[in-house]
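Trainee: Please pick one part of this model, go through it closely, and then show what surrounds it in the rest of the assembly.

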Amino acid sequence: MEEIRVLSPTAILGYGFPVSSFEEGLRREPHVIAVDGGSTDPGPYYLGSGKSFTQRQAVKRDLRLLINAALDRRIPLIIGTGGGSGARPHVEWNWEIIREILAEEGRSARTAVIFSDIPKELVLEAIKQGRTAPCGPVPELTPEAVDSAVHLVAQMGAEPMITALEQGADIILAGRAYDPAAFAALPIMRGFDAGLALHMGKILECAAIAASPGSGSDCLFGRLGKDSFILEPLNPARKCTALSVAAHTLYEKSDPYILPGPGGTLDLSAAEFSELPAGCVEVRGTRFIRSPQYTVKLEGARAVGYRTVCIAGVRDPIMIGQIDAVLQAVRERVEDNFENIGDYFLHFRCYGKNGVMGELEPAPSPAHELGIVIECVAPSQDVADTICGIARSTLLHYGYPGRKSTAGNLAFPYSPSDFSVGQVFEFCVHHIMELDDPTGIFPLEWRVIE
Amino acid sequence: MRYVRDVAAVIRSKNAGPFELTFDLMFTDKQVFDEVRRSITPERIAELYRIPVEHVLKIVHFEPALAVKITIVRPRPSGSLGETDVYGAQQHAPLFELTF
């Protein structure tokens, strides 16, 4: 085989894509359709809560097109990081959508579901043996952090997907996966260069974001040859340029030359980007440097309490002139009122002052009006509601020095003014773990619809 | 003295994972890129963001995109208590004040 063709429909399953672009892609006879389902970008809530950050109807719309196209052509459909975060509840949520589509369309398919939840005992043992390390500026992994995680996943490489392909999967639904893996699995299985396959996957996983103008909701096509790969936009409104593709290499990572992943590092120091006719770009020179020890990245999130927020505006210039002192006084009143209620986190965010950048803000002088978000996170929703409510009522009627506006200090856009937003999570594991077998910890389950 | 904002085509910020914040400055002219990149040092970034210089993790010059990439420690892990910008997409404005 001289060339392997990969169709990437959209940056995240559920972000959508134009059918016309997708059909252009199908006309080019792809060997595989691959799509990335997830990201940590939306924050720890989704991994922690087990919920998807994409909407069910949107995912179902995308998947129906992908499943029908793949089954019609007898090419595999590979979904990486199912359900957004790739833990078991996310994967099962995604599987339920697939099952529903297959039933509605009256189709049969063999789906390989690959889970990425990691047993805590395994990680605790790895800590003991010194086989874990921080991934970036995070503290060393502790048994407490592991124990506190609600969901703990590892990013699988292409290997478990290759196993599923070898066993004849029509659809692969993977848990948490290294983003390029879904795109690189078939090429690597067929013996194409891993460096080029993974680099192509790295770009395809964001679909048309690497084109110009960029879009997270449009398709991109990849052709991988023996010593280069070519990217092709499928919408006449876009083209790939050497700059747009090279620039995408910078996106969301700290070093564009050295990209560590499961089992090794992608080295782009010799990568070359050249423009071809018809808005295509050819990339060559990327190398995959296998590391002596296979590693995976672990991700975990834990619950930290329940949140209540209140949104209000301030327009009074006298109050705005002393806003920091006013908020500090209100905080003290609240603390004084509820000395025995236990721990809670009370926070005032001032939009129009430093609401966006917090302590990084170099110019924290207030505007003529401020948006204030009062927030409380506490061990129970009841305590969060109570503290947020008392902070709101205290601020509303607080008599600051020189006050002329004695009827109330806050403009509320909503009734009710306070919102109980439920559980709050934080990332507690973001570490590398050594592994001897790249497939063993990712159990594969067959779900066959006849 | 000139402002980087007047010569850069792209000035952006984004999470690089939940624990790092990364800035990209991209240029369209090789000569400008060469001139500007010399003046971007960890010390200047630390001063601009009022953070310790050791929190500036990396400054990389990426020739294929005529880009300078700066990565700093996130003020807090993405989405943890006190968060102001979960995606880290609006932390770039101080770079508008960079001069060369």
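Mentor: Two strands are taken to pair if DSSP finds at least two bridges between them. The strands themselves are DSSP runs (E, at least two residues), as helices are (H or I, at least four), and both are numbered from the N terminus. The model is predicted: local features need pLDDT of at least 70, side-chain atom pairs count only at pLDDT 80 or more, and totals for chains, interfaces and linings use all residues. Residues are numbered from 1 along each chain as its sequence is written, while chains are lettered from A and ligands numbered from 1 in the order in which they are written.

The part I pick is strand β11 of chain A, residues 264-267, which holds A:Leu266. On one side, strand β10 (residues 258-261) of chain A is joined to β11(A) by 4 bridges, and the two run antiparallel. Within that pair, A:Leu266 in β11(A) has A:Leu259 opposite. The two strands make a hairpin with 2 residues between them, and A:Gly263 in the turn has a positive phi of about 85°. β11(A) also pairs with strand β14 (residues 287-290) of chain A, in the antiparallel sense and again over 4 bridges. Here A:Ile289 in β14(A) is the bridge partner of A:Thr265. As a general point, strands of a sheet pair through backbone hydrogen bonds, either parallel or antiparallel.

A:Leu266 is buried, as 23 other C-beta atoms lie within 10 Å. The cut-offs are 20 or more other C-beta atoms within 10 Å for buried, 12 or fewer for exposed, and partly exposed in between, with C-beta atoms placed from the backbone. Leaving out residues up to four places away in sequence, A:Leu266 touches A:Gly195, A:Leu198, A:His199, A:Leu259, A:Gly261, A:Thr286 and A:Phe288. A contact requires the C-beta atoms of two residues, placed from the backbone, to lie within 7 Å.

Now the surroundings. Chain A is split into domain 1 (4-116 + 155-294 + 435-449) and domain 2 (303-428), with bounds that come from an automatic or database domain assignment. Their C-alpha centres are 42 Å apart. Between them, 4 residues of domain 1 are in contact with 5 residues of domain 2. The domain 1 side of chain A comprises 2 nonpolar, 2 polar and no charged residues. In this classing, Ala, Val, Leu, Ile, Met, Phe, Trp, Tyr, Cys and Pro are nonpolar, Asp, Glu, Lys and Arg are charged, and the others, Gly among them, are polar.

Chain A also meets chain B, in a contact of 38 residues from chain A and 37 from chain B. On the chain B side, β1, β2, α2, β3 and β4 each give two or more residues, and the classes are 19 nonpolar, 11 polar and 7 charged. Chain B has 2 helices and 4 strands, in the order β-β-α-α-β-β from the N terminus. Its open sheet is ordered β1-β2-β4-β3, with antiparallel pairing. β1 (8-15) and β3 (56-62) of chain B are the edge strands with a single partner each, so one side of each has no neighbour in the sheet. Strands β2 (residues 20-27) and β4 (residues 67-73) of chain B pair over 7 bridges, with B:Glu20 opposite B:Val73.
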